[in-house]
Amino acid sequence: MIRLEKVSYSYPDGTPALENINLAIKKGEFIAIIGKNGSGKSTLALHLNGLLKPQKGKVIIRGMDTRDISKLPGIRKLVGIVFQNPETQFVGRTVEEDLAFGPENLCLPPVEIRKCVDMALAETGFEKYRYRSPKTLSGGQGQFVALAGILAMRPECLVFDEVTSMLDPDSGTDVLERIRKLQRKGKTVVYITHNLEELHAADRIIVMDKGRIVLEGDPESVFADPSLQSLGLTLPSLIELAARLKTCGVAIPWEKTSSPHSFAEEICQLFLKT
Amino acid sequence: MHEPVFSYVPGVSPLHKLDPRTKLVVVMLLGILAFRIENFAGIGALFILFFALTLLSRLPMTVFFRAVRPMMLFIIFIFLAQLFFSDGRPLATFWVLQPSMEGLENGLTLVSRFILLLLFAALLTASTDPSAITCGIERMLRPLPLQWLGISSFELATMMNISIAFLPLLFERVERTKAAQAARGMDFVKNPFHSVPALAIPLLRGVIRDAEELALAMESRGYQGKRRTSMHELSMQNRDWIALFVIVLFIIIVLNL
């Protein structure tokens with residue numbers, strides 16, 4: 001669905017942000033992009049719907065090149081980005097108006113716009129907030145409204161740029177759960193974070209450092225890679241615990257490291273066996 | 001908490017149901033009329049029309065008090081200036097000041113005009129959703145050749161909408177910046193001059209960053225500053241034409257009083 005070919009990009013001051021990135025994202029995939037601050041993950045996200053254009057190489061979304069200005073409305077309809085701060089994503093005075101902003105830009109007729117808004121509200125379970133000001137909502141609720149604003153455009157791919165970093169843990173978990181549901185319904189998800197605790201369910205993890213992809217694979221293989229910690233990334237606590245137990249001869253299967261509950265269950269089973 | 005001035009009060013009155021363009025045109029016409037008429041009968045007729053429309057709108061009178069209250073000092077000032085500094089038949093003598101009959105008349109006329117403007121504007125904003133107002137303005141500006149100025153009616157409407165939506169965020173940012181500076185020892189009462197740059201510089205930096213993030217989010221949602229549709233479908237109904245006809249008739253009658 002999305003293809004990046006030899007993409008390079010430098011900031012106006014000459015600092016390289018992306019160097020020779022090659023990446024293919026399949027429809028329905030859940031891809032996580034991780035890396036410490038300044039590794040280039042957000043710059044990569046901005047390339048995925050043409051907000052930034054590559055200085056070298058190209059980004060192709062469903063056959064459309066992001067450098068072709070005439071294709072940008074179509075690209076933005078296909079790929080939506082939810083950003084970190086919900087407050088600076090609101091355009092409307094009420095939730096309903098905010099959700100209508102995207103479909104209005106797509107020049108849909110009023111009846112269609114209302115249908116898109118209703119669908120996005122139903123998808124996020126936010127019907128009761130329709131006439132509320134988005135500014136009066138909590139951080140987690142605000143992020144849901146920002147997500148609904150993108151869903152109202154009916155995109156096929158959703159890019160989340162550190163969407164849980166400004167939220168409390170419970171709200172972050174709710175948002176992440178909703179993202180997983182959307183992926184199960186067939187949306188392609190590109191999830192950018194530096195919190196590795198959130199990535200157990202990803203199909204593939206891309207690790208970035210200094211604008212380059214340095215590691216790529218399924219979560220099990222990426223988390224097992226010894227170079228991860230040298231890149232300044234901290235392993236999820238359960239995975240680190242499982243790795244330490246392994247050195248003591250206690251093997252915890254990968255699927256049991258997804259939650260404290262399943263991990264504890266596995267430990268209990270091992271105790272009972274011995 | 002302070003109730004905002006000129007805010008929308010949701011409702012289902014006949015006035016709420018009118019097309020925003022009708023209300024905008026009517027307020028503009030009545031505003032011009034208020035500054036055209038010279039006699040008290042005309043001004044009285046405008047006040048009667050305002051009360052009739054208020055009854056029709058079923059809006060509480062507090063909405064209108066709130067609209068006039070912040071301007072009261074200014075209104076009193078222009079009344080006193082007219083009263084004491086207009087030439088004419090003296091009414092009385094207070095030290096060097098001599099209020100005149102003509103000054104009283106001029107003052108009352110001018111003050112009535114300002115109050116009428118504020119009241120009709122409050123009637124418009126209280127009975128019309130702000131986004132419907134911007135939508136109405138956009139539809140009225142659309143035939144104008146604004147592209148010569150390098151802008152479009154869609155851009156103007158979006159700018160107005162965003163300004164309304166972003167005001168609370170701006171106020172919040174001011175409060176947050178003030179609190180952050182106060183936490184570092186800034187005394188805004190003792191050092192008002194010193195505190196201005198301490199408040200303005202981080203505030204400006206924050207607002208520019210917010211604006212950049214907002215621009216990215218808008219562009220990401222397909223905004224290009226070009227033609228866009230609106231969820232608010234505007235169509236002139238019979239009631240709008242009737243309202244316009246009644247107002248035009250009223251204006252003709254008042255001009256001939």
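Which residues in α2(B) meet which residues in α6(B)? In this predicted model, local features need pLDDT of at least 70, side-chain atom pairs count only at pLDDT 80 or more, and totals for chains, interfaces and linings use all residues. Residues are numbered from 1 along each chain as its sequence is written, and chains are lettered from A in the order in which they are written.

On α2(B), the residues are B:K23, B:V27, B:L30, B:G31, B:A34 and B:F35; they meet B:R113, B:L116, B:L117, B:F120, B:A121 and B:L124 of α6(B) (contact: C-beta atoms, placed from the backbone, within 7 Å). Nine of the contact residues are nonpolar, one is polar and two are charged (nonpolar: Ala, Val, Leu, Ile, Met, Phe, Trp, Tyr, Cys and Pro; charged: Asp, Glu, Lys and Arg; polar: the others, Gly among them). The axes of α2 (residues 20-36) and α6 (residues 101-127) of chain B come within 9 Å and cross at roughly 175 degrees. α2(B) is therefore roughly antiparallel to α6(B) (angles over 145 degrees).

In chain A, helix α4 covers residues 110-124. Its buried residues are A:I113, A:C116, A:V117, A:A120, A:L121 and A:T124 (buried: 20 or more other C-beta atoms within 10 Å of the residue's own; exposed: 12 or fewer; C-beta atoms are placed from the backbone). Seen down the axis, these buried residues fall within an arc of 130 degrees, so they line one face of α4(A). They pack against α3 (95-105), α5 (139-151) and α6 (169-184) of chain A. The face turned away from the buried side carries the exposed residues A:V111 and A:A122. Just after α4(A), A:G125 takes a positive phi of about 70 degrees.

Definitions and conventions
Axes fitted to C-alpha atoms, helices over the stretch in contact; angles between N-to-C directions. Helix = DSSP H or I, 4+ residues; strand = E, 2+ residues; numbered from the N terminus. Parallel < 35°, antiparallel > 145°, perpendicular 65-115°, else oblique. Contact = placed C-beta atoms within 7 Å. Expected span 1.5 Å × (residues − 1). Arc of directions from axis to C-beta.
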